[in-house]
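Biologist: Can you walk me through this one? I'll ask as we go.

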Amino acid sequence: MSVAQNPLSVEVSLPREDVALITVQGFLDVDTATEFQHHLANQLHHGRRHFLLDLSDVPFMDSSGMNIILRVYQEARDLPGSVHIISPTPAVRRILDLTGVSITVPVSESADEALALVGEAQA
């Protein structure tokens, strides 16, 4: 039986020059966290300051995924920039709420809503 039964898929699009919309599919856990971190680091390297993390197709996230989200939040905040979580599944939302991550990192229902928050913060 293969360990990678739930491989991670990460797609990056750029709604604006300084904004990366990162759509994640699959389990965000200790086995896939490094791949997720590489995608975020690449976007930071290319000058993105705002990160919209679409977690609507992530059925499970453990502390590894949360730690990466918090790390990119800290790095983006220092730029200054921002991180927004979009439409987490109920299981992921519960983890975000229980750990207090959803208090620190804004949670939006759509990419458009998160992008509007980025625009408001810059105005």
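Biologist: Is Phe27 buried, exposed or partly exposed?
Modeller: Phe27 is partly exposed, at 26% relative accessibility. Buried means under 20% relative accessible area, exposed over 50%, partly exposed in between (1.4 Å probe, protein chains only). This is a predicted model: local features need pLDDT of at least 70, side-chain atom pairs count only at pLDDT 80 or more, and totals for chains, interfaces and linings use all residues. Side-chain values use heavy atoms, without hydrogens and water, and residues are numbered from 1 along each chain as its sequence is written.

Biologist: And how is Phe60 classed?
Modeller: Phe60 is partly exposed too, at 38%.

Biologist: How many aromatic pairs are there?
Modeller: The structure holds 1. Phe27 and Phe60 form it, 5.7 Å centre to centre, with 40° between the planes, which is tilted. Rings of Phe, Tyr and Trp (its six-membered ring) pair if their centres lie within 6.5 Å; planes under 30 degrees apart are stacked, over 60 edge-to-face, the rest tilted.

Biologist: What does the pair tie together?
Modeller: Parts that are 33 residues apart in sequence, because Phe27 lies in the loop between strand E2 (19-25) and helix H1 (33-45), and Phe60 in the loop between strand E3 (50-57) and helix H2 (63-77). Helices (H or I, at least four residues) and strands (E, at least two) are DSSP runs, numbered from the N terminus.

Biologist: Switching topic. Which residues of H1 and H2 meet?
Modeller: Ala33, Phe36, Gln37, Leu40 and Leu44 in H1 meet Ser64, Ile68, Ile69, Arg71, Val72 and Glu75 in H2. Contact means heavy atoms within 4.5 Å.
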